[in-house]
2 protein chains.
Amino acid sequence: MQIGDAADASGISAKMIRYYEEIGLIPSPKRRDSGYRVYESSDVHRLRFIQRARELGFPVERIRELLQLWNDRKRPSREVKRVALEHIANMEAQIRRMRDLVGTLRHFADACEGDSRPHCPILDELAGDGADVEARPQRRRLRH
Amino acid sequence: MQIGDAADASGISAKMIRYYEEIGLIPSPKRRDSGYRVYESSDVHRLRFIQRARELGFPVERIRELLQLWNDRKRPSREVKRVALEHIANMEAQIRRMRDLVGTLRHFADACEGDSRPHCPILDELAGDGADVEARPQRRRLRH
DNA sequence: TATAGACCTTCCCATCATGGTAAGGTCAAG
DNA sequence: CTTGACCTTACCATGATGGGAAGGTCTATA
């Protein structure tokens, strides 16, 4: 099996398979005399694991941990669950941040007529609308 | 006012101010004989606009549009609102994607005992759990 | 006036995961 | 033997940001 077959079978592009090899996420496969990489079905199995984890949004470094746990047949499931829960917490934090942004922005957008007149509270808000952006005294050197 | 003052006043690092100049988001300021950049309070005003837009998650290219609209005193507010609504829609799409991922992943995590035993449905799921990942016939050359 | 040191300049590199391209070698079917 | 699908490595780009090096400028103070 050469790299294109492994790519088709795993859903990971040949380009990314080489990259994962380069960063040590997957072992370097055997080579033919020509230099062509040769993959076994166990390699494809590993690649599919990686692909599913990527689909779930795990960053590559988390996947590195998951692969180690997967290879260790005696791992406590606690550790796997910890990795998963951390990832969930990260995503939820990001979701919260984005929801806040959406809420704020929608507030401004709601206040905007959206017609042909130029007045626009969105721009007013971004412009700071009278906040003190006046000339400040020249920077003063910090001690010495 | 030199770049460090503008950075302090706007909340944008000196590094990023130079970058925004390089990509044409802000005009090149005057220079002293020494080459030092000289900023006016109007420049700081513009930088604060940019900073607020970044805080709201607008990508730089959207901010470029917003700055143009801001400078055009006759723009219809419709156009500003369109940019804002597009950004909201993008963020909401991203939030939806992430919520789906969290839902799926939490489903797996809930099924995992998270104790000292090795059995773990999360890894089982990632591993494909009996999906057909068997050796496939060698790639066949496409016609010719 | 000389020095210290805070500040500025440009240039290059790294991030993260991915895609693109180019130049060149390999392989199998016709 | 030719064709062309496939492989190899090496480099560049993304978006927005930070880090650092090497070197020049400015000003307060000894």
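**Close-up views of a predicted two-chain model**

**View 1. The fold of chain A.** In this predicted model, 43% of the contacts in chain A between residues at least 6 apart in sequence join residues at least 24 apart, two residues being in contact if their C-beta atoms, placed from the backbone, lie within 7 Å. Chain A has six helices and two strands, and along the sequence they follow the pattern α-α-β-β-α-α-α-α; helices (H or I, at least four residues) and strands (E, at least two) are DSSP runs, numbered from the N terminus. Of the 144 residues in chain A, 25% are buried, a residue being buried if 20 or more other C-beta atoms, placed from the backbone, lie within 10 Å of its own. Residues are numbered from 1 along each chain as its sequence is written, and chains are lettered from A in the order in which they are written. Because the model is predicted, local features need pLDDT of at least 70 and side-chain atom pairs count only at pLDDT 80 or more, while totals for chains, interfaces and linings use all residues.

View 2. The same surface serves both copies, as 100% of the contact residues of chain A recur in chain B.

**View 3. The side of chain A that touches chain B.** Here 60 residues of chain A are in contact with 60 residues of chain B. At least two residues of this side come from each of α1 (3-10), α3 (41-55), α4 (60-71), α5 (77-111) and α6 (121-127) of chain A, and the largest share, 21 residues, comes from α5(A). By class, this side has 30 nonpolar, 13 polar and 17 charged residues, where Ala, Val, Leu, Ile, Met, Phe, Trp, Tyr, Cys and Pro count as nonpolar, Asp, Glu, Lys and Arg as charged, and the others, Gly among them, as polar.

**View 4. Helices α3 and α4 of chain B.** The axes of α3(B), residues 41-55, and α4(B), residues 60-71, come within 10 Å and cross at roughly 135 degrees. The contact is made by F49(B), I50(B) and A53(B) of α3(B) with I63(B), L66(B), L67(B) and W70(B) of α4(B). These residues divide into seven nonpolar, no polar and no charged.

How values were computed:
Axes are lines fitted to C-alpha atoms, for helices over the stretch in contact, and angles run from 0 to 180 degrees between N-to-C directions. A residue is buried if 20 or more other C-beta atoms lie within 10 Å of its own, exposed if 12 or fewer, and partly exposed in between; C-beta atoms are placed from the backbone.
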